[in-house]
Amino acid sequence: MEAVTMAKAINLSLRDALSRDDNVLIFGEDVGALGGVFRITDGLQKAFGEERVFDTPLAESAIIGVAVGLALRGFRPVPEIQFDGFIYPAFEQIVSHVAKYRNRSGVSLPITIRVPFGGNIGAVEHHSESPEAYFAHTAGLKVVTPSTPGDAFALLQAAIDDPDPVIFFEPKARYYLKEEIDPAARVPIGKARVAHEGSGVTVIAYGPTVSIALQAAKTAAAEQISIEVIDLRSLSPLDMDTVMASVRKTHRAVVVHEAPVFCGFGAEVAARISHDAFDFLEAPVARIGGLNVPYPPARYEKLYLPDVDRILQAADAALAYG
């Protein structure tokens, strides 16, 4: 298949899901005739009709509430939250109902909530946030985020087919990353991948920070420093087996994400490594992420977000430790 962008890969995955199962419904703000603000749903309403791909009012709590009702009636809703920072009005619906329904009643809710997330697009406030830790902290939710077009296609297939709710975070700054994809490839939820093999330091990333970690690995290689990059793909469930196998090889770990370091998802990964691989570590586990402030205006986001230099500084510190 010819190379496609991540945006197109997600569109193709949605199209495939709509074709395979009449119970799949797509809805959200501007996803119909407009095709979404990022054109992720472009052409889907025309192909599948207004009853299966439809616009909603600007009311996120209502979007998720409707998804709960549809799921209980046997549908597989795929609602879109237009931007990460708009998801908070729906937080109560997701945490109190979507996440807990199976535990409360034994009835599963096969809902896939698509959320463009992360920064580096020069947007105004509420358009560049990284709320993944809120949802990964909530039992009953699966949380995934692809970093490549191929993974975006396959992970979305797995999410829609899953009998339980999945939060599908799309790194919007990578929407136009392009590569060939294999529509037959399968990526199960809960399986990380080794994005770049190395032996000196393990850098653990997900979503938008994977490409930065890979750039850091390439830059380090020119200085004879070997970095292994782990792409988590799935935050909940978390594939610690792949992480531990890498840390036992390199003995050093750096966790990278865009969200603030304070109480960020990296804290969970660092704690698990420190507990399960303490005897293998030759340096403290480092965390690189956003600052503990509200997401800044666009002209300051380069100072806020992790970059190649910060990853390399952490890798150098880990190698020099002791």
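Predicted model: local features only at pLDDT ≥ 70, side-chain atom pairs only at ≥ 80, totals over all residues.
Colleague: What kind of peptide bond joins serine 236 and proline 237?
Modeller: Most peptide bonds are trans. For serine 236 and proline 237, omega is about 5 degrees. The bond between them is cis.

Colleague: Which residue other than glycine has a phi near 65 degrees, and where is its place?
Modeller: Most residues other than glycine have a negative phi. Here the value is positive, and it belongs to glutamine 224. Its place is in the loop between α8 and β11 (227-231). The residue is glutamine 224.

Colleague: Are helices α3 and α4 roughly parallel or roughly antiparallel?
Modeller: Two packed helices are described by the angle between their axes and the distance between the axes. Helix α3 (residues 60-72) and helix α4 (residues 91-98) have axes 8 Å apart, at an angle of about 25 degrees. Angles under 35 degrees count as roughly parallel. Therefore α3 and α4 are roughly parallel.

Colleague: How many residues in the contact of α3 with α4 are charged?
Modeller: From α3 come Ser61, Ile64, Gly65 and Val68, and from α4 come Gln93, Ile94 and Val98. By class, four of these residues are nonpolar and three are polar. The number of charged residues in this contact is none.

Colleague: How much space lies in the largest pocket, and which elements give two or more residues to its lining?
Modeller: The space in the largest pocket is about 370 Å³. It has 20 lining residues, and those closest to its centre are Ser130, Pro131, Tyr134, Ala259 and Pro260. The lining divides into 13 nonpolar, four polar and three charged residues. The elements giving two or more residues are α6 (132-136) and β13 (253-260).

Colleague: Which element gives the most to the lining of the largest cavity?
Modeller: There is one cavity of 30 Å³ or more, and the volume of the largest cavity is about 40 Å³. Its lining consists of Thr219, Ala220, Glu223, Ile225, Ile227, Leu312, Ala315 and Asp316. Two elements give two or more residues each, α8 (209-221) and α12 (308-320). With three residues, the element that gives the most is α12.

Colleague: How many residues in the lining of the largest cavity are nonpolar?
Modeller: One residue of this lining is polar and two are charged. The number of nonpolar residues is five.

Colleague: How many residues apart are aspartate 161 and arginine 20, whose side chains meet in a salt bridge?
Modeller: The structure holds 16 salt bridges, and in this one the N to O distance is 3.5 Å. Aspartate 161 lies in helix α7 (residues 149-161) and arginine 20 in helix α1 (residues 6-20). The pair links distant parts of the chain, and the separation is 141 residues.

Methods
Residues numbered from 1 in each chain as written. Heavy atoms only, no water. Axes fitted to C-alpha atoms, helices over the stretch in contact; angles between N-to-C directions. Helix = DSSP H or I, 4+ residues; strand = E, 2+ residues; numbered from the N terminus. Parallel < 35°, antiparallel > 145°, perpendicular 65-115°, else oblique. Contact = heavy atoms within 4.5 Å. Nonpolar A, V, L, I, M, F, W, Y, C, P; charged D, E, K, R; others polar. 1 Å grid on protein atoms, 1.4 Å probe; cavity = no way out; pocket = protein on both sides within 12 Å on 5 of 7 lines; lining within 4 Å. Points joined across faces, edges and corners; volume = space filled by probe spheres on them. Salt bridge = Lys/Arg side-chain N within 4 Å of Asp/Glu carboxyl O.
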